[in-house]
Amino acid sequence: MSTESAPAPHGNVAEEQRPRIAVSALATNLREYGLIIALIVIMLFFQFTTSGTLFKPVNLSNLVQQNSFIIVMALGMLLVIVSGYIDLSVGSVAGFIGALAANMMVIWQLGPLSNPLVVSIICLVVGGLIGAAQGYWIAYHRIPSFIVTLAGMLIFRGICQALLGGGSSVGPLPDDFKMLSSGFIPDVIGPLTLIPPTVNAAGKTIMGSGLTLHMTTIVLGLIAVLAYAYFGVRTRRKRERHGYEAEPFALFVVKTLVASALALFLVYEFASYRGLPVVLLVMGVLISLFVFVTKRMTIGRRIYAMGGNAKAAQLSGINTERLTLMVFINMGVLSALGGLIIAARLGQAVPAAGLGSELDVIAAVFIGGASAMGGVGQVIGAVVGGFIMGVMNNGMSIMGVNVDWQQVVKGLVLLGAVIFDVYNKNKA
Amino acid sequence: MAPTILEMRDITKTFPGVKALSNVNLSVEEGEIHAVVGENGAGKSTLMKVLSGVYPSGTYDGQIIFQGQECQFKGIQDSEHKGIVIIHQELALVPMLSIAENIFLGNEHAKFGVIDWDANEERTSALLKKVGLKEDPKTLITNIGVGKQQLVEIAKALSKEVKLLILDEPTASLSEKDSQALLDLLLEFKRQGMTSILISHKLNEINRVADKVTVIRDGRTIETLAKKDISEDRIITSMVGRSLDDRYPPREPDIGEIVFEVKNWSVYHPLHAERQVIKGIDINVRKGEVVGIAGLMGAGRTEFAMSLFGRSYGRRITGEVLLKGKPIDVSSVSKAVQHGIAYVTEDRKTYGLNLIDHIKHNITLANLGGVARHSVIDDMRELAVANDYRKKTNIRASSVYQLTGNLSGGNQQKVVLSKWLFADPDVLILDEPTRGIDVGAKYEIYTIIARLASEGKAIVVISSEMPELLGITDRIYVMNEGRIVGEMPAAEASQEKIMRAIVRGEGKAA
């Protein structure tokens, strides 16, 4: 560095560097969006091999409902892994919370406390307490998280099974509660019926004589897309006003258009079925919240600093113990939410609920580009990683691939994704 | 005269950008204890690494002649095979293995990979007797003190049929009693005909055991003194007598009232509860003043600074810290920072930077509140701050989005400095602020220090480079073995005076 020559006068540099900036912006963006492109490619592949079943509205709804708990837990796991820890207990905690919720609603007569909403809130608090209990040992006694949460995995699976009285399941759960997973948002605007058969964006004629659109979904989708475009433009303006170069305008436009088109396509698909699944809305809100926390809030920044160099973070005045505790409390709450979603989808609590899902959650985070050493990883990456796993599960199931071989393929994808990441990093 | 066992001729070793050794000559006679002395960073350890093959032949220029043969060691195995064994300052023992296992690690008495434990332990007992250590060979390393561990290292060396034993600062972390025992052992080995090289800067020890002393300074051999010529004065002059061609930015000190005061500060070792590392230190720093803390490695300066800064080092910390006359609570880093104290670490890679994140995020880390409102970071403000400090401290990088892990040492140091400048402290403690950075960057760091002082900040500089302290400070404390052993205005100080204070301090502790 010290041999570098002094920067040349300003105007000159800007001219010379323009093409280089464009190229490097494209390169960094490609890496950033590579994962999303991979997801799209995988979806197109299964669309082809399942003769168009994958993108059918009913299947997309299923796909979201089947995988939402993985993605919800992956949000918490991302923070855990970025902090430099791991949590193996999330599947068991989810199972335990499902059992607890089912017992509270069905078996134990708790009066008003058996109300699904009250039960859900209590369960989230219990999840937070579980996270705090595990996080306490990890943060303040420096017991390796692998060991603490391995113990938690055994403990909570055991309690889950005990609560369910051995091998039996508890149910059926109230319909109100099941809405969390299998419900759709109500159409407050009213449906719009399009009489003539139309061609959808996938280029195929919709079967049946007509098409009814869930207008609330359409309106919500349009608002979301417009907001996305608006905030994109605003951030860009702000950067320019402060005199910092933004990414090239053409790239920005293409990016925004492609993302909006994709979003609108999905919105249309959902609208032509029964509308937006409730769980997708919950997930969407959580994803936005976690993107905001990790990108814009001081606590998010501190988590990345702690994962990148815990000692340096500590010597910069960051209370790493408390931060670790909070990361695990957050994980506990999200595990509990995951457990509620699983129970709501099955309509009952079963002893095997969430069994092995910790591995899917961890895999989603690593496929999404997080580093096992901590300090690196993005929320969007984890979400896309979760969807990649979900689409593969779904697509291979429709294709009739044996469950055993599904595991093999998922394992290979995980290994491949991480090898690709490491290779890229070494090249850079 | 005994025959020469080792001769190193014209050894030159360069690292990227630095000439660590330049035509160094060292000649050791059979059966003597040969001391190698020099300041920190003079090149002693580098020379020993060349000799033991840590830097393989081909990566340096010059010849090594051992027992009349020219040697080209490719690695430590080669030199150990010839009987040259080095014991590093940081002991290379596996804590959770037993003494016997450590001594024969990689060299076990075994048949077809099956270890013969009886043979190992028998030999270990014999070796332990030789070094005078009464411990069961099955005892785990972690359960014995540093002094005994040092003896295990020596026993390990003996197990390799050592002809030339090299000890790198063997007594640096030992108590007075253990040090004496170790030196006695060296004299005993000498009677048995073994040759040793002792690297040390404790002149009283050298006086006691060495037959010859070679002084190294700035990567060059200055002179080799025979027993009759060894005197502290002579060695000190030889060690520090470099030409002062370093330049320091001019400064007009404007010194005000006392801002920062530490009273009767004591700290115990975090692991060895009975070892007192800092022994009742009192210091004070005035507004606009640059105060230096001189001392040799292991004097306890970093431990002192880190224990002050949110108890980041040590246990059973007692004493008082006053800011502008009022006692303040520095029991956590964030409290210390809130009170306007900043500590810039000596080890920027381990304690100073998040190397996998970029410059911007590193600069704002200690004062995120300064770029955020209601815990939401204002991107543009953060970018402006980062660019501002990048300009102020002249960080050379393509942009503030460059990863700090890819910067040179000098620029990394400027990022760490920027981080603490942005936290806007009243008291700035700089620990070895110019370690491992080139001359140009050093000058820039000195300039920043001078500017901060003129802005009225109280600055403490810990440094092992005495010319640096003389060049940039107003007042110097000399620290040794956890105590302040001298205090002098920089104008009246000299390297000799500082060295003398250290040496006298050592005498007192004995």
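A:Thr217, A:Ile218, A:Gly221, A:Ala224, A:Val225, A:Tyr228, A:Ala229, A:Gly232 and A:Arg236 of H7(A) are in contact with A:Phe252, A:Thr256, A:Ala259, A:Ser260, A:Ala263, A:Leu264, A:Val267, A:Phe270 and A:Ala271 of H8(A), where contact means C-beta atoms, placed from the backbone, within 7 Å. These contact residues divide into 12 nonpolar, 5 polar and 1 charged (Ala, Val, Leu, Ile, Met, Phe, Trp, Tyr, Cys and Pro count as nonpolar, Asp, Glu, Lys and Arg as charged, and the others, Gly among them, as polar). This is a predicted model, in which local features need pLDDT of at least 70 and side-chain atom pairs count only at pLDDT 80 or more, while totals for chains, interfaces and linings use all residues. Residues are numbered from 1 along each chain as its sequence is written, and chains are lettered from A and ligands numbered from 1 in the order in which they are written.

**Chain A overall**

- Chain A holds 15 helices and 2 strands (DSSP runs numbered from the N terminus: H or I of at least four residues for helices, E of at least two for strands).
- Of its 428 residues, 41% count as buried (buried: 20 or more other C-beta atoms within 10 Å of the residue's own; exposed: 12 or fewer; partly exposed: in between).
- Among contacts in chain A with a separation of 6 or more, 78% join residues 24 or more positions apart.

**H7 and H8 of chain A**

- Helix H7 (residues 215-241) and helix H8 (residues 249-272) of chain A pack at about 165°, their axes 9 Å apart (axes are lines fitted to C-alpha atoms over the stretch in contact, and angles run from 0 to 180 degrees between N-to-C directions).
- H7(A) and H8(A) are therefore roughly antiparallel (an angle over 145 degrees).
- The crossing of H7(A) and H8(A) is right-handed (the near helix is turned clockwise from the far one by less than a right angle).
- A:Phe265 lies in helix H8 of chain A and is partly exposed, with 14 other C-beta atoms within 10 Å.
- From A:Phe265 to A:Gly221 the C-alpha distance is 9.7 Å, at a sequence separation of 44 residues.

**H2 and H13 of chain A**

- H2(A) and helix H13 (residues 357-367) of chain A pack at an angle of about 65°, with 8 Å between their axes.
- The crossing of H2(A) and H13(A) is right-handed.
- H2(A) contributes A:Ile70, A:Met73, A:Ala74, A:Met77, A:Leu78 and A:Ile81 to the contact, and H13(A) contributes A:Ser357, A:Asp360, A:Val361, A:Ile362, A:Ala364 and A:Val365.
- The residues of this contact divide into 10 nonpolar, 1 polar and 1 charged.

- In helix H6 (residues 175-182) of chain A, the buried residues are A:Phe177, A:Lys178, A:Leu180 and A:Ser181.
- The buried residues of H6(A) fall within an arc of 130° seen down the axis, so they line one face of the helix (the arc is that of the directions from the helix axis to the C-beta atoms).
- The cover over these residues includes helices H2 (57-82), H3 (90-107), H4 (116-140), H9 (278-296) and H12 (320-346) of chain A.
- A:Leu340, in helix H12 of chain A, counts as buried, with 26 C-beta neighbours inside 10 Å.
- Leaving out residues up to four places away in sequence, A:Leu340 touches A:Ile97, A:Gly98, A:Ala101, A:Ser120, A:Cys123 and A:Leu180.

**Chain B against chain A**

- In this contact, 32 residues of chain B meet 24 residues of chain A.
- On the chain B side, helices H10 (333-338), H11 (348-352), H13 (379-392), H14 (409-422) and H15 (439-454) and strand S20 (376-377) each supply at least two residues.
- The chain B residues on this side divide into 16 nonpolar, 12 polar and 4 charged.

Terms used: Contact = placed C-beta atoms within 7 Å. Parallel < 35°, antiparallel > 145°, perpendicular 65-115°, else oblique.
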